[in-house]
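Biologist: Hello! Could you walk me through some backbone details here, one step at a time?

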Amino acid sequence: MLNVYEQVQGNKTRSAVIITLFVAFIISAAALITYSFELDPSVIIFAAIFSLISSVISYEYGDKIVLSLNNAHPAEREKYFDFYTVTENLSIGTGIPKPKIYVIESDSPNAFATGKDPEHAIICATTGLLNKLDRTELENVIAHELSHIQNYDTRIMMIVSILIGTLSILINLVSRNRFGRDRDRKSNGILIILGLLLLLFAPLIGQIIQLAISRRREYLADASAVKLTRQPQGLISALKKISSDSSILSSASTATESLYIVNPFKNNKITNLFSTHPPMVDRIKALEQML
Amino acid sequence: MPFLAILAIVALVIVFLISFFNRLRSIQIQIQASIQEIGNQLKRQANLIPNLIESVKGYMKHEKDIFTSLTDARKLVNQAIESNDPTQLNKAQESIGKIIKGLSVIVESNPEIKASQVVGSLMNELRDTADKVTYARRLLIDLSADYNTAISTIPGIWLAPTMGFKPEKGLSVPASGKFLEVSEEEIKEPSVKI
């Protein structure tokens, strides 16, 4: 079992590895295409600049992108008294600065945390969560999110969700655009090369996702939450309430899925196989052993 | 070659010593900060009480008494913050807790006050501040435990004395004293007038 410091160091290293892999992938894809079709070598420089800039953006502004993707607005103390004060209290308990807190208008109870480090962290909760849970349950959910922040899980998850998103947008663009009708043969060639590259890199991409969304993170965050609040019962009943609720969070996408406390696409059987979250029954079982 | 190896080992040892020292020092600073935090929250609690008294005035028998005990409690809080002594914080917290308990009995037993929105939000604020005190205390306990473990295990037990690190008291309470005894009043069934 890793201790907290090793966990933090591991997450920082993995984040750096992921960014490097992303930059390497874009540059080598650009290089292969350039040499195969004798395009201008400046394409490679352009690709290098593009991948570096998007990495910097995902690191520096990832939190804001995630927020705007989810239509979140800031939570005021008067209107969301419990949410605000509970976050404040738990930050005192962990000794990290209080994260900024945001609210998503949605009946589906869920929450996530994001941000590159504890100084730039954000916790986001849906109105459904705030309405359906009592103060103790909410406290435990926020404690779970705060543990993600403290462990630097949020940094790695934020980077991955944005870089994977960028990659999928790029691939979409290339495959739709076809670089003009008159050069159909050439664009087909580009597609084939991209396809080959993806095949080569697929295990790597799989590895990246594995690195980021290891299910162990969720168990660890549950355990740290209980260590902080000393109320396993509160977290158990919160998880039960959240997972038995049938409303679906429409603003969540596959890119932001791993950020949430419970999988926002809970009713889909197929996603379960590749799920970013351990089954709820197992999480509750683990918590019940702490009672 | 052996010279380089020795140099490398010496460098490693120095890096270790520096990081060990820095870690302990930063825990010490965090401990001080958490003591301050407890003090600040107790102060906040004391500041909320007069507002609550204002709302329940008509229902109190000895209004003056509560003001004098509040002044006393405030003095204790200020003393504790100045001396940075956690045991004094305990005392201050106890005296504020007593006042709040008395006030909340009045609130709970009078439906008219309980229904008031102002009183409701004041009670929420007080409860929240109490939570903050709890968490600040918990952080202080955790940090002191980390710190004391680090200086009383190997290699800390060899290094700490030369570096000038002394054990932190944390929130330790004296091993004997009045607080260990249960008073007659506490054994009685609690009576709530409705």
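**Backbone details in chains A and B**

Modeller: Gladly! This is a predicted model. Let's begin in chain B, where Pro155(B) sits in the loop between α5 (117–152) and α6 (156–163).

Biologist: Is the peptide bond from Ile154(B) to Pro155(B) cis or trans?

Modeller: Most peptide bonds are trans. The bond joining Ile154(B) to Pro155(B) has omega near 5°. That bond is cis.

Biologist: Is Tyr152(A) buried or exposed?

Modeller: Tyr152(A) belongs to the loop between α5 (135–150) and α6 (153–177) of chain A. Its phi is near 65°, a positive value in a residue other than glycine. A residue counts as buried if 20 or more other C-beta atoms lie within 10 Å of its own. Tyr152(A) has 22 such atoms within 10 Å, so Tyr152(A) is buried.

Biologist: And Arg230(A), is that residue buried or exposed?

Modeller: Arg230(A) is in the loop between α8 (216–229) and α9 (232–244) of chain A. Although Arg230(A) is not a glycine, its phi is positive, about 55°. With 11 other C-beta atoms within 10 Å, Arg230(A) is exposed.

Biologist: What distance separates the C-alpha atoms of Gly58(B) and Lys75(B)?

Modeller: Back in chain B, Gly58(B) lies in the loop between α1 (2–56) and α2 (63–83). Gly58(B) is exposed, with 9 other C-beta atoms within 10 Å. Lys75(B) is 17 residues away from Gly58(B) along the chain, and their C-alpha atoms are separated by 27 Å.

How values were computed:
Residues are numbered from 1 along each chain as its sequence is written. Chains are lettered from A and ligands numbered from 1 in the order in which they are written. This is a predicted model: local features need pLDDT of at least 70, side-chain atom pairs count only at pLDDT 80 or more; totals for chains, interfaces and linings use all residues. Helices (H or I, at least four residues) and strands (E, at least two) are DSSP runs, numbered from the N terminus. A residue is buried if 20 or more other C-beta atoms lie within 10 Å of its own, exposed if 12 or fewer, and partly exposed in between; C-beta atoms are placed from the backbone.
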